[in-house]
Amino acid sequence: MAEEFPFEISPMFEGERIRKDGMHVELSGPKSKGYELVRATPMDEVEDGRFTLIGPDLSEMEEGSRHPFAMIYKIAGELVEEDLESIVERRNHDFQNYIQGMMHLNQRYDVWVRVSKDAVSKGLTSFEPIAKAVMMLFKNELPFIEKVEAVYVTDLAEIEKEMDAVKAVYQSRDDRTRDLHEEDVDTFYGCSLCQSFAPSNVCVITPDRISLCGAINWFDGRAAAKVDPEGPQFAIPKGDVIDVESGEFSGVNEIAKSLSSGEYDRIKLHSFFEYPHTSCGCFEVVGFYIPEVDGIGWIDRDYAGTAPNGLPFSTMAGQTGGGKQVAGFLGVGINYFRSPKFIQADGGWGRVVWMPKNLKDRVLSDIPAEIADKVATEEDAADLDSLRNFLTDKAHPIVERWEAEEEPEEEEEVKEEAAAPTMMQAAMPMQGMPMMMPSSSGTGGVKIILKNAKVSIDKVIIQKKE
């Protein structure tokens with residue numbers, strides 16, 4: 001695409017995965033620190049095409065090493081405004097992945113970049129051509145940008161010094177939608193940026209539901225669709241309200257069918273179990289169903305430990321991502337915790353039983369006061385037994401669900417064969433799990449085939465009809 005660069009540049013390289021054994025260096029990511037930030041800047045304060053590096057360059061980094069990494073882009077132009085910052089910022093994900101031998105994942109202060117051994121062997125020994133290529137793409141693909149300047153930082157002290165101010169910028173963007181809700185607008189917005197990694201993902205952005213990556217809110221989507229109508233952010237007519245509580249709209253269902261190539265035709269924006277929102281892979285938090293307590297836990301990228309179910313974030317993210325609609329797992333942006341419609345179809349905060357302390361502290365002011373001290377953290381519950389004890393001791397609302405579901409044993413007996421499937425469906429608050437139950441053969445018995453299912457069944461009693 002551009003002969004002056006020591007690498008190929010093309011959308012064909014989107015989705016390229018650089019594994020550990022093929023990696024020259026890892027930048028930022030879950031085991032280091034960093035961020036990416038775009039700032040709208042007055043024209044006279046931007047030197048077009050300028051690149052500044054603070055810290056060691058790529059040539060000074062040993063093979064297999066890990067380093068902090070921040071990227072700051074200053075953009076200017078007659079049409080450039082603050083509303084466009086996060087949109088341009090998210091396009092960095094696109095453009096860095098256009099570069100052969102680079103892998104860019106996530107966003108904001110969760111950004112994660114790898115440079116391959118092959119790229120370095122072919123002459124990529126500095127961050128400057130990377131920054132120059134991205135700036136070129138910004139101007140070519142986003143014509144409202146007239147000037148752009150880049151600053152890359154690999155010095156840990158400098159990144160830590162600026163981190164609080166950077167997070168304050170992200171927070172101010174998120175706060176804009178607090179008083180705007182889905183019933184106040186007739187248009188939502190979609191984003192297809194992650195489809196290179198998750199082909200069937202359908203990211204729907206509403207005033208009450210930020211993008212899964214946490215980087216694009218409703219105002220950002222509106223600004224992007226306005227200045228770049230053919231870009232990855234686009235309008236979604238809300239259409240008719242099918243179900244207010246679960247957040248199902250005819251317009252969203254239509255776009256879901258289109259964007260997922262027909263794999264999904266329904267999405268309930270505020271449901272955890274029934275036709276949940278698809279999960280890409282850039283999500284900030286994974287929600288997971290805990291059948292042993294009939295509650296929902298949440299785990300974020302920054303938490304290095306395991307949840308009470310014995311699984312870390314990475315394992316559950318692998319189960320959840322890829323653009324799938326997985327009943328019992330759900331990827332979300334952190335700002336969704338602040339929505340009054342937060343998983344309201346499944347009990348909202350009254351269904352949440354566990355989350356890491358740091359994550360809980362971040363959203364504590366938005367957790368209803370009557371439930372705040374009843375949501376366990378790793379300090380309260382490390383496994384399922386201790387979680388159950390904690391919830392009981394704190395009189396969590398979920399305990400009332402346990403008591404309501406307990407029935408005398410004799411009432412659980414199934415009087416007819418036909419009742420067996422009904423019991424199983426009740427035990428699995430899930431959809432999208434094919435179940436086939438052929439009639440009994442001459443040898444007797446029941447054959448059940450479950451595909452792609454995670455099932456928790458307390459008891460199934462099947463009696464032969466006399």
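Leaving aside its neighbours within four places in sequence, C280 touches C194, A198, N201, L212, G321, G322 and G323, where contact means heavy atoms within 4.5 Å. This is a predicted model, in which local features need pLDDT of at least 70 and side-chain atom pairs count only at pLDDT 80 or more, while totals for chains, interfaces and linings use all residues. Residues are numbered from 1 along each chain as its sequence is written, and side-chain values use heavy atoms, with hydrogens and water left out.

C280 sits in the loop between α6 (250-259) and β14 (285-290), helices (H or I, at least four residues) and strands (E, at least two) being DSSP runs numbered from the N terminus. With a relative accessible area of 7%, C280 is buried, that is, under 20%, with exposed meaning over 50% and partly exposed in between (1.4 Å probe, protein chains only).

The "binding site" annotation in UniProt, from an unreviewed entry, covers C191, C194, C280 and C282; positions follow the numbering used here, feature names are shortened, and annotations may be inferred rather than shown by experiment. Although these residues are spread over 92 residues of sequence, they cluster in space, the largest C-alpha distance being 12.3 Å.

C191, for its part, belongs to strand β9 (residues 187-191) and is likewise buried, at 8% relative accessible area. Beyond its neighbours within four places in sequence, C191 has contacts that include C203, I205 and F234.

Turning to β14, this strand runs antiparallel to β16, to which four bridges join it, and two strands pair if DSSP finds at least two bridges between them. V285 has V332 in β16 as its bridge partner.
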